[in-house]
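Subject: Handover of a structure, with notes

Dear colleague,

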Amino acid sequence: SEEDVDQSLLLKFEGVYMNAFVYINGEFAAKNPFGYSTFYVSMDPFLRYGEENEIWVQVRAGAMTNSRWYSGAGIYRDVYLYKAGLTYIVQDGIRITTEDADEECAVLRIETEVKNRCHGTKNLRLETTLTDEKGNRAAQEETTVILFEQETRKISARITVENPDLWSDKTPCLYTYESRLIDSDSGRILDTSIGKFGIRTLQLDAKRGLRINGKCVKLRGACIHHDSGL
């Protein structure tokens with residue numbers, strides 16, 4: 001609609017097999033050669049606001065012999081339309097890494113990618129809250145940042161969690177993070193991202209194999225492919 005002029009619109013394709021070319025209103029918008037990977041398409045430069053828009057996905061699956069079996073062709077997983085303001089947390093832009101962890105304390109590094117499409121500088125505040133499986137607050141961090149016009153930046157912060165519930169194959173405990181991007185000048189929440197993660201350390205060497213939280217774990221299982229196109 002015409003009201004979406006000041007919004008950021010994004011398409012998420014979970015899977016298109018394969019050699020996908022995406023056109024919006026007849027203009028080339030994006031391509032993705034890989035048949036099993038998720039990819040995103042920024043729609044903003046190609047949209048006609050207040051008019052009907054056409055999205056065309058062309059698949060060139062016959063370009064080469066590419067599989068031991070017939071994998072089908074076309075869009076075989078969900079497609080999502082995301083809408084955000086001009087300043088937002090980039091989709092899949094949050095990465096949480098366990099730097100050190102034991103039963104008493106865990107140190108986490110959280111990287112959050114934010115983007116400013118505004119024609120001007122934005123004074124921002126990034127608030128991140130961690131809660132355990134019972135809903136209790138485990139930790140909280142606040143970072144201020146100045147984002148310049150058309151800038152994309154990764155904001156890095158460290159958070160300490162006392163007496164963490166460590167993730168393992170025996171105790172798959174998960175924490176929830178909630179990151180809020182706030183305009184410091186107005187106090188308005190611009191974007192929110194919520195997800196789950198586990199706190200654990202991984203080590204791998206030739207003598208002791210895989211260790212999770214310092215304990216040896218035997219790898220078991222197999223590679224399970226997605227359902228075939230048929």
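Predicted model: local features only at pLDDT ≥ 70, side-chain atom pairs only at ≥ 80, totals over all residues.

Residues are numbered from 1 along each chain as its sequence is written, and side-chain values use heavy atoms, with hydrogens and water left out.

Strands here are DSSP runs of E with at least two residues, numbered from the N terminus, and two of them are taken to pair if DSSP finds at least two bridges between them. The antiparallel strands β1 and β5 are joined by 4 bridges, and Phe13 stands opposite Phe39 of β5.

Strand β3 (residues 20-24) has 5 of its 5 residues buried, so it is largely enclosed by the rest of the structure; buried means under 20% relative accessible area, with a 1.4 Å probe and protein chains only. Ala20, Val22 and Ile24 point one way from β3, whereas Phe21 and Tyr23 point the other way, and all are buried. With β4 (residues 27-32), β3 runs antiparallel over 5 bridges, and Phe21 has Lys31 of β4 as its bridge partner. These strands, β3 and β4, form a hairpin with 2 residues between them, and Asn25 in the turn has a positive phi of about 55°. There are also 5 bridges in the antiparallel pairing of β3 with β6 (residues 55-59), where Ile24 stands opposite Ile55.

For the open spaces, a 1 Å grid was laid over the protein atoms alone: a cavity is a set of points where a 1.4 Å probe fits but cannot get out, a pocket is an open set with protein on both sides within 12 Å along at least five of seven lines, and lining residues have an atom within 4 Å of a point. A volume is the space filled by probe spheres set on the points, which are joined across faces, edges and corners.

The largest pocket holds about 500 Å³ of space, and of the 24 residues that line it, Leu10, Tyr88, Ile89, Val90 and Gln91 are the closest to its centre. Two or more lining residues come from each of β1 (8-13), β5 (39-42), β8 (79-84), β9 (87-101) and β15 (189-197), and β9 gives the most, with 7 residues.

The second largest pocket has a volume of about 240 Å³, and among its 14 lining residues Leu166, Ser168, Ile212, Asn213 and Lys215 lie nearest its centre.

A search of the whole structure finds 1 cavity of 30 Å³ or more, and the volume of the largest cavity is about 50 Å³. Its lining is made up of Ile110, Thr112, Leu126, Thr128, Glu141, Thr143, Ala157 and Ile159, with at least two residues supplied by each of β10 (105-116), β11 (122-131), β12 (137-147) and β13 (152-162).

With best wishes

Methods:
Buried < 20%, exposed > 50% of the residue type's maximum accessible area, 1.4 Å probe, protein only.
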